[in-house]
Amino acid sequence: MDKNFQEEPFTRTIKFTPPLYKQRYQFIKDLVGKYKPKKVADLGCADCTLLWMLKFCSCIEVLAGLDICASVMKEKMHRLSPLPGDYLQPSERSLTVTLHHGSVAHKDPCMLGFDLVTCIELIEHLEQSELKKFPEVVFGFMAPSMVVISTPNSEFNPLLPGVTCRHPDHKFEWNRAQFQSWALETARRYDYSVEFTGVGHPPTGMENVGFCTQIGVFVRKYPQTSESAQSEKPTETVYKTVFKAVYPSLKNEKYLQNAVVSEVILTAQIIKRSLSDHLMSEHEDYNDTTERKSKFQPSMNCFSEDLGKLVVEKSMEPFVNGNVVYIPLKTIFSFPKVNRLCGTFEKLCKFIAGKVTLSSDRSAVVLNTEHE
């Protein structure tokens with residue numbers, strides 16, 4: 001018996017494991033992992049579950065959802081908002097998520113420029129007039145590099161007890177021949193290739209009915225030319241935007257500066273603590289507190305301010321002068337994360353100017369030994 005369903009004895013009720021909708025979403029997620037699209041649109045996004053899953057895919061920079069029912073989107077769209085952790089640790093990629101209220105039978109320029117368009121269990125909900133316009137909107141107007149369409153396979157329905165139509169809102173449910181005929185004609189008309197697959201395997205011995213959900217994966221044969229991309233593209237906006245979230249990103253200089261400052265302070269504190277531990281270990285054999293202080297203090301005061309500048313300029317070694325720890329910026333810049341965030345030493349100096357306490361010659365971070 002196939003691993004993704006269980007057949008209960010006597011009732012012969014098929015239960016898919018994981019549930020069929022999760023298998024459909026996982027199919028899309030696997031496809032994204034393979035082809036790494038940057039811009040993905042989900043038509044008929046409903047409760048935004050697929051968009052929520054895709055926002056964790058590091059390759060995606062733009063996510064858009066479209067649905068005819070605004071209330072369904074609004075009920076769950078809060079899941080697409082950035083979390084506090086996204087602000088505390090901004091991602092290196094940019095991410096914008098937008099939800100639109102509208103019909104897939106209408107063209108809107110906000111849906112141009114996508115790499116992947118998904119239509120999961122959508123077309124069977126369309127009226128005949130909408131279905132007729134659908135190919136021109138998606139394949140002709142939007143013209144993404146890849147389109148994935150899933151729809152119920154009516155040949156599987158007899159295996160689902162009491163089911164003739166899977167949802168009261170379905171206007172039709174195609175068998176495999178009907179879906180493939182429509183898909184092949186659509187692909188031919190708009191210069192796409194199409195491959196057929198599905199999710200939800202039938203029980204052993206009944207493989208002839210095919211997948212419970214049939215899927216067509218369309219790939220555009222030729223890249224769009226600038227002329228075809230611009231020809232007959234309307235500028236009128238017909239969709240209503242109901243949600244937009246721009247995630248904090250290190251590509252934004254404000255967030256990058258905050259991250260650099262935080263990392264510099266953290267790195268300086270780590271160096272300071274390590275230096276303090278090292279100095280203390282040199283004197284751990286002295287049991288008398290007064291004696292230890294008299295011997296320890298000179299070593300901390302052994303650098304004058306002028307000599308300290310010289311040491312910072314000529315060396316990357318941090319040092320202590322009185323109650324002050326000097327940590328050369330070049331030492332901090334040598335740490336991998338600081339180096340990766342800044343890229344250049346000049347950018348490091350620019351980002352921390354006025355944000356971190358520096359020595360008079362601005363060559364070292366200054367910390368007090370008495371405070372963290």
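A residue is called buried under 20% relative accessible area, exposed over 50%, and partly exposed in between. In this predicted model, Ser154 has a relative accessibility of 21% and therefore counts as partly exposed.

**The surroundings of Ser154**

Ser154 belongs to the loop that connects β7 (146–152) with α6 (176–189). Beyond its neighbours within four places in sequence, Ser154 is in contact with Glu173, Trp174 and Asn175. Two distances describe this region.

| Pair | Separation |
|---|---|
| Ser154 side chain to Asn175 backbone nitrogen | 3.2 Å |
| Ser154 C-alpha to Arg176 C-alpha | 7.8 Å |

Ser154 and Arg176 are 22 residues apart along the chain.

**The nonpolar cores**

The largest nonpolar core holds 41 residues, of which Leu54, Ile60, Leu99 and Val148 touch the most other members. At least two residues of this core come from each of β2 (14–16), α1 (20–35), α2 (49–54), β5 (96–101), β6 (116–120), β7, β9 (213–220) and β10 (240–246). The most is given by α1, with six residues. Apart from this core lies another, of 32 residues, including Phe114, Val117, Leu131 and Ala183.

Leaving out residues up to four places away in sequence, Leu99 touches, among others, Cys45, Leu51, Met73, Leu80, Val242 and Phe243.

**Helix α13**

Helix α13 spans residues 345–352, and its buried residues are Leu348, Phe351 and Ile352. Viewed down the axis of α13, these buried residues fall within an arc of 85°, so they line one face of the helix. The face turned away from the buried side carries the exposed residues Glu346 and Lys350. After α13 comes Gly354, which has a positive phi, near 80°.

Terms used. Residues numbered from 1 in each chain as written. Predicted model: local features only at pLDDT ≥ 70, side-chain atom pairs only at ≥ 80, totals over all residues. Heavy atoms only, no water. Buried < 20%, exposed > 50% of the residue type's maximum accessible area, 1.4 Å probe, protein only. Helix = DSSP H or I, 4+ residues; strand = E, 2+ residues; numbered from the N terminus. Arc of directions from axis to C-beta. Contact = heavy atoms within 4.5 Å. Polar contact = N/O pair within 3.5 Å; in protein donor to acceptor, adjacent residues only side chain to side chain. Core = buried A, V, L, I, M, F, W, Y, C linked by side-chain atoms within 4.5 Å.
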